[in-house]
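Please load the model in a viewer and keep the selection panel at hand.

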Amino acid sequence: MANRINNKLNEDEKLLSIYFTAGYPKLGDTVEIIQNLEKNGIDMIEIGLPFSDPLADGPTIQQSSTAALKNGMTTEILFDQLKDIRKSVSIPLIIMGYFNPMLQYGVEAFCKKCQEIGIDGLIIPDLPVDVYHDEYQETFEKYGLINVFLITPQTSEERIRFIDSVSNGFIYMVSSASVTGSQSGFGDEQQAYFQRIADMNLENPQIVGFGISNSETFEQATKSAKGAIIGSAFIKHLNGHGVDGISTFTKTIR
């Protein structure tokens, strides 16, 4: 069966993916946020599994992770919250988190659970592509999970080509070398990087993340890429307007 992510990537339009931290603002908000995002036309959702030591995250996402952990969010609770999610939601769902909680849970058990509840893919920023390729790829594929790798402006062409060869969904193109968080727009250097990657004609489409917060940055990011991911700006909006304010946020992007 084709993965929901691949089906979505095959559609003609530019994709908008939203990241949020599970268990934030309140522990029980996870499912309502997902349902609300789908209702408002979001193409794909990244569900953040909070971790106590989030190295790559900017202050907004770090703060939401800390709050979610304080609320009591755990891997077990997230799986429990999502157990019936496919009864009401049909868009691709990706869990994004650090490798440590997955190791603690057991990598195979984690993958199996993801398959059972209908998770389509994983993004694990601290799992190196070579380690994945050598030790975990078979397990992920056994449970029909797409693993998504990140590239940055500093990633060498050789490494990007290796990531492309190991990937079977999309490549997460980090827009800049700094941590996550919204910025006012993309400069010439970033635009050149987007174009350079587009010109490599990779097998897997690219989706841009980091620094996208409004329709202008969404359009800039998707000029040469398949889609864009919004995280910090959405979490800030949730913080100020709660779950009921989701539609006003999505309308500002496209």
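The stops that follow concern a serine site, aromatic pairs and salt bridges.

The model is predicted: local features require pLDDT of at least 70, side-chain atom pairs count only at pLDDT 80 or more, and totals for chains, interfaces and linings use all residues. Residues are numbered from 1 along each chain as its sequence is written, and side-chain values use heavy atoms, with hydrogens and water left out.

**Stop 1: Ser167**

Select Ser167, in the loop between α8 (157-166) and β7 (171-174). Helices (H or I, at least four residues) and strands (E, at least two) are DSSP runs, numbered from the N terminus. Ser167 is buried, at a relative accessible area of 8%; buried means under 20% relative accessible area, exposed over 50%, and partly exposed in between (1.4 Å probe, protein chains only). Next, display Ile163: its backbone oxygen lies 2.6 Å from a polar atom of the Ser167 side chain. Leaving aside residues up to four places away in sequence, Ser167 touches Phe149 and Asn204 (contact: heavy atoms within 4.5 Å).

**Stop 2: aromatic pairs**

The structure holds eleven aromatic pairs. Select Tyr172 and Phe210, an edge-to-face pair with 6.1 Å centre to centre and 90° between the planes. This pair links distant parts of the chain, with Tyr172 in strand β7 and Phe210, 38 residues apart from it, in the loop between β8 (206-209) and α10 (215-221). Rings of Phe, Tyr and Trp (its six-membered ring) pair if their centres lie within 6.5 Å; planes under 30 degrees apart count as stacked, over 60 as edge-to-face and the rest as tilted. Tyr172 is buried at 4% relative accessible area, and Phe210 is buried at 12%. Then select Phe79, Tyr105 and Phe110, which ring pairs link into a cluster.

**Stop 3: salt bridges**

A search of the whole structure finds 13 salt bridges, each a side-chain nitrogen of Lys or Arg within 4 Å of a carboxyl oxygen of Asp or Glu. Which residue meets Lys87 in a salt bridge? Select Asp84: the N to O distance is 3.4 Å. Lys87 is exposed at 71%, whereas Asp84 is partly exposed at 39%.

Move to Glu116 and Lys113, whose closest N and O atoms are 3.7 Å apart in a salt bridge. Because they are three residues apart in helix α6 (residues 107-117), about one helical turn separates them.

Now select Asp130 and Arg159, a salt bridge with closest N and O atoms 3.1 Å apart. The pair joins distant parts of the chain, helix α7 (residues 129-142) and helix α8, 29 residues apart.

Finally, select Lys8, Glu11, Asp43 and Arg254, which are linked in a network of salt bridges.

Conventions:
A polar contact is a pair of N or O atoms within 3.5 Å; within protein, one must be able to donate a hydrogen and the other to accept it, and residues adjacent in sequence count only if both atoms are side-chain atoms.
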